[in-house]
Amino acid sequence: MAIPSRVRYSIIVPVFNRPDEVRELLESLCRQTEKDFEVIIVEDGSAIECEDVCSSFMSQLDLRYYRKDNSGPGQSRNYGAKHAAGLYLIILDSDVVLPEDYIASVSRSLEAEEVDAFGGPDSAHPDFTPTQKAISYSMTAFFTTGGIRGGRRKLDKFFPRSFNMGVRRDVYMALGGFSAMRFGEDIDFSYRIVEAGYRTALFPEAWVWHKRRTDYRKFWRQVYNSGIARINLEKRHPGTLKMVHLLPMVFTVGVVLMCVTSFVGRMLMVYGPGPDPLHRWYWLCAGPLLPLLLYVLLVFSDATVQFRSASIGLRAVVAAFVQLMGYGCGFLYAWWQRCVLGKDEFHAFDKTFYK
């Protein structure tokens, strides 16, 4: 039996070992200018729980806390949706912080364009660490993702992501919510929403501050699994693999080939035949590295100007290579395992992804 709507929005947040982040998110929810929402926190088998944090906000928010065995974020969102009473379900990651007019921006956007599902962009908060800002840059900048996650209007269908996603509750229930995929489950859900004929839209004004990963190792795990998920998604939804999804793989292969070619040139400079091998093989050594140097300078300059910090600019270079090559390596490995060897759906870093 369907739960009758008693608020306009139900905000559902799965949590795994992140009580401090939940506190920041709840504090930002307390500051919302529009109050027609409830909050549902689902503890996904955490060893470090946030129940005490949630209890401290019960008097300020219409908030409910649930604890369950670990099953991944998608199934935890489904658990929360079963207890939700809002007309719209807003799915947030626990590592986001909301500007005070976030809910009001969603309402204004829905009044201007009534849709069945929507999403908003993300940004880096001024208080984020330099590494978090660099990682945020690498996920939204033109020189890394083409700006496709930077909040611009899309010419084709928009597919919301689970860090900032809204869905009508009846649509969510009709489609069964998120699948059992542990990575890429939000894109899978978005594909199913569009394939079922529902309307989606990007709401640029409904943005959030998104912390993402706090170091490059965790970031590598994230993007590596994203690369794997892209192949898994293509298997589930044939024809969804686009040219843009191939670019990190092309970048990864290109970087490896340029480095190998430069190394061969260096060896020929030292050990090559001829009266002047140093001069003869110089451009074979240096030439392949010039495109990489140009790319480094573009990313460094753009990030430095954006954040007004050369330190963040340097970190952004590292984050860009981690993002593109991590994704590319995951993509290539999954392609080999699934498309060449014919193995079943899989992912990596199950036990260490969140650590």
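Arg338 is buried, with a relative accessible area of 13%; here buried means under 20% relative accessible area, exposed over 50% and partly exposed in between, with a 1.4 Å probe and protein chains only. The model is a predicted one, in which local features need pLDDT of at least 70 and side-chain atom pairs count only at pLDDT 80 or more, while totals for chains, interfaces and linings use all residues. Residues are numbered from 1 along each chain as its sequence is written, and side-chain values use heavy atoms, with hydrogens and water left out.

Arg338 lies in helix α14 (residues 310-340). Helices (H or I, at least four residues) and strands (E, at least two) are DSSP runs, numbered from the N terminus. Not counting residues up to four places away in sequence, Arg338 touches Ile231, Asn232, Lys235, Lys343, Asp344, Glu345 and Phe346, where contact means heavy atoms within 4.5 Å. Thr140 is 198 residues from Arg338 in sequence, and the two are 29 Å apart in space, C-alpha to C-alpha.

Helix α14 also packs against another helix. Two packed helices are described by the angle between their axes and the distance between the axes. For helix α5 (residues 130-140) and α14, the angle is about 50° and the axes are 8 Å apart. Axes are lines fitted to C-alpha atoms, for helices over the stretch in contact, and angles run from 0 to 180 degrees between N-to-C directions. The helices α5 and α14 are therefore oblique to each other; angles under 35 degrees count as roughly parallel, over 145 as roughly antiparallel, 65 to 115 as roughly perpendicular and the rest as oblique. The crossing of α5 past α14 is right-handed, a crossing being left-handed if the near helix is turned anticlockwise from the far one by less than a right angle, and right-handed if clockwise. On the α5 side, the contact involves Pro130, Thr131, Lys133, Ala134, Ile135, Tyr137, Ser138 and Met139, which meet Ile312, Arg315, Ala316, Ala319, Ala320 and Gln323 in α14. By class, this contact of α5 with α14 has 9 nonpolar, 3 polar and 2 charged residues. Ala, Val, Leu, Ile, Met, Phe, Trp, Tyr, Cys and Pro count as nonpolar, Asp, Glu, Lys and Arg as charged, and the others, Gly among them, as polar.

The contact is made by Ile187, Asp188 and Tyr191 of α8 together with Arg230, Leu233 and Arg236 of α9. Sorted by class, the contact of α8 with α9 has 3 nonpolar, no polar and 3 charged residues. The crossing of α8 past α9 is right-handed.

Of the 11 residues of α8, 10 are buried, so the helix is largely enclosed by the rest of the structure. Asp188, Tyr191 and Arg192 are among these buried residues. His237, in the loop between α9 and α10 (243-271), counts as buried at 7% relative accessibility. Not counting residues up to four places away in sequence, His237 touches Asp188, Tyr191, Arg192 and Glu195. After α8 comes Gly197, whose phi is positive, near 90°.

The strands may now be considered. Strands of a sheet pair through backbone hydrogen bonds, either parallel or antiparallel. In this model, 7 strands form an open sheet in the order β3-β2-β1-β4-β8-β6-β9, with mixed pairing; two strands pair if DSSP finds at least two bridges between them. The edge strands are β3 (63-68) and β9 (200-202), each pairing on one side only. From one strand to the next, the twist averages 20°. Helix α8 packs on this sheet, touching β6 (117-119), β8 (164-168) and β9, and its direction makes about 35° with that of β8.

Within this sheet, strand β1 (residues 7-15) pairs with strand β2 (residues 37-44) in the parallel sense over 7 bridges. Tyr9 has Phe37 of β2 as its bridge partner, and Val15 has Glu43 of β2. Strand β1 is also joined to strand β4 (residues 86-92) by 5 bridges, and these two run parallel. In β4, Gly86 is the bridge partner of Val7. Of the 9 residues of β1, 8 are buried, so the strand is largely enclosed by the rest of the structure.

Another open sheet has 3 strands in the order β5-β10-β7, with mixed pairing. Strands β5 (96-97) and β7 (122-123) stand at the edges, each with a single partner strand, so one side of each is left without a neighbour in the sheet. Strand β5 runs antiparallel to strand β10 (residues 208-210), and 2 bridges join them. Val96 stands opposite His210 in β10.
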